[in-house]
Amino acid sequence: MGDVQFYNNRQNKAQKFTINDFNAMFPDDAACLEWLRGYLYPEGIDCKTCQRVTKHHRDAGRPSYSCDYCGHHEHPTAGTIFHKSPTPLRLWFYAIYLMSSTRCGISAKQIQRETGVTYKTAWRMFNKIRQLLSDGVTNSVGGPDKPVEADEMYHGGRRKNGTGRPMKGDTTKTPVLGMVERKTTERKGQVVARVVPDVGQKTLLSTITEYVLPDTMVYTDELKGYTNLQWKNKPDGTPYGYEHRRIKHSAGVYVNGDIHTNSIEGFWSLLKRGIGGTYHAVSHKFLQSYIDEYAFRYNHRETPKPMFINFVEQITKA
Ligand SMILES: [Zn+2]
């Protein structure tokens with residue numbers, strides 16, 4: 001729970017980027033475009049015709065810049081999530097601000113309400129923004145000296161807010177495998193969480209080997225699916241070199257010296273509160289992208305930049 005508490009505190013203090021900050025930094029479409037230009041072309045715009053970085057000027061009435069020498073047009077929004085969107089750039093930035101500014105995230109419906117766009121447009125923006133975050137999630141955790149806790153949670157199902165293991169015959173719950181690095185004094189741990197088809201040994205071990213680097217100390221509970229983790233070999237037959245410690249939750253033991261899964265529990269409680277508070281019903285189809293949004297927040301919770309800036313800095317040209 002320590003992680004979650006720290007996250008809350010940060011959101012309310014140093015990392016808070018207020019609506020006044022937003023309005024001052026992005027008063028209109030032109031300011032958003034100028035920010036994009038600065039962010040996407042830090043060395044200046046490389047003119048394709050002149051084949052060098054040249055001076056460019058803003059085109060009047062158009063979201064583009066022209067080369068001072070040859071007149072070649074450059075569109076900062078081309079290839080980004082804003083590409084060919086009829087929605088004004090500032091509304092996009094405002095939607096990103098809204099999504100980044102609460103700990104639990106917001107729904108497409110709230111974007112519709114706050115920006116005045118149609119629900120269809122709000123939903124499209126919401127998914128595009130979330131895609132940015134999915135693209136920015138961590139793909140590997142652990143390694144020597146970076147212990148990882150792996151744990152599963154269950155989403156949905158018949159029992160309201162049920163998060164425990166499904167009862168026999170309940171196929172309505174979707175398992176999610178989370179893998180999180182423990183924090184140290186120097187570094188905050190990163191998390192990866194993946195929707196998995198089941199919690200059988202084959203699935204759990206192959207998911208762990210996909211995301212947890214070799215030679216990692218891995219802490220899990222006593223679920224059968226984690227058995228033999230320390231003996232897993234790579235496709236070439238050499239060992240992954242995992243060490244494996246298990247906590248006996250069934251025996252009522254939650255912490256035994258180093259052996260606990262408190263860090264991943266912190267991430268799960270963040271996720272559950274978010275999904276419970278904002279999204280009500282998350283369908284299987286969208287569950288991974290919801291989880292990615294939370295993983296992104298978790299992985300950026302300690303950066304000196306405001307969360308909003310972490311979000312907009314995910315913008316890239318395809
Ligand atoms: Zn030129």
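This section describes the overall fold, the zinc site and selected local features of a predicted model. Residues are numbered from 1 along each chain as its sequence is written, and side-chain values use heavy atoms, without hydrogens and water. Local features need pLDDT of at least 70 and side-chain atom pairs count only at pLDDT 80 or more, while totals for chains, interfaces and linings use all residues.

The protein chain contains 10 helices and 12 strands. These elements are DSSP runs, numbered from the N terminus (helices, H or I, at least four residues; strands, E, at least two). Of the 318 residues in the protein chain, 48% are buried. Buried means under 20% relative accessible area, exposed over 50%, and partly exposed in between (1.4 Å probe, protein chains only). Contact means heavy atoms within 4.5 Å. Among contacts between residues at least 6 apart in sequence, 63% join residues at least 24 apart.

The SG atoms of C47, C50, C67 and C70 coordinate the zinc ion at 2.3 Å. Donors are N, O and S atoms within 2.8 Å of the metal (3.2 Å for Na, K and Ca); water is not among the atoms, so sites may look incomplete. The arrangement is tetrahedral because the 4 donor atoms subtend angles of 100 to 117° around the zinc ion. Four donors count as tetrahedral if all angles lie between 85 and 135 degrees. The ideal angle for four tetrahedral donors is 109.5 degrees. In sequence, the donor residues follow the spacing C-x2-C-x16-C-x2-C. C47 lies in strand β1 (residues 46–47), and C70 lies in the loop between β4 (65–67) and β5 (73–74), so this pair ties together parts that are 23 residues apart in sequence. C47 is buried, at 2% relative accessible area. C70 is partly exposed, at 35%.

Two positions in the loop between β5 and α4 were examined. A78 lies in this loop and is partly exposed, with a relative accessible area of 28%. A78 and T316 are 238 residues apart in sequence, yet their C-alpha atoms are 9.7 Å apart in space. Beyond its neighbours within four places in sequence, A78 contacts H83 and K317. K84 also lies in the loop between β5 and α4. K84 is exposed, at 76% relative accessibility. Phi of K84 is positive, near 60°, in a residue other than glycine. Most residues other than glycine have a negative phi.

Helix α4 (residues 89–100) packs against helix α3 (residues 29–40), with axes that come within 7 Å and cross at roughly 75°. Axes are lines fitted to C-alpha atoms, for helices over the stretch in contact, and angles run from 0 to 180 degrees between N-to-C directions. The two helices are therefore roughly perpendicular to each other, a term for angles of 65 to 115 degrees. From α3, the contact draws on D29, C32, L33, W35 and L36; from α4, on L89, R90 and F93. By class, this contact has 6 nonpolar, no polar and 2 charged residues. Nonpolar covers Ala, Val, Leu, Ile, Met, Phe, Trp, Tyr, Cys and Pro; charged covers Asp, Glu, Lys and Arg; the others, Gly among them, are polar.

Helix α7 (residues 201–211) has buried residues at T203, L204, L205, T207, I208, T209 and Y211. They pack against β6 (148–156), β7 (173–181) and β8 (191–195). Y226 is found in the loop between β9 (217–221) and β10 (243–247). Y226 is buried, at 0% relative accessible area. Y226 and L205 are 21 residues apart in sequence and 6.5 Å apart in space, C-alpha to C-alpha. Not counting residues up to four places away in sequence, Y226 touches A150, D151, E152, L177, L204, L205, I208, T220, D221, H244 and R246.

N228 lies in the loop between β9 and β10. N228 is not a glycine, but has a positive phi of about 75°. N228 is partly exposed, at 38% relative accessible area.

T261 sits in the loop between β12 (259–260) and α8 (262–279). T261 is buried, with a relative accessible area of 1%. Contacts of Y226 include A150, T220 and D221.

Definitions and conventions:
Tetrahedral: all angles 85-135°; square planar, octahedral: opposite > 155°, others 65-115°. Parallel < 35°, antiparallel > 145°, perpendicular 65-115°, else oblique.
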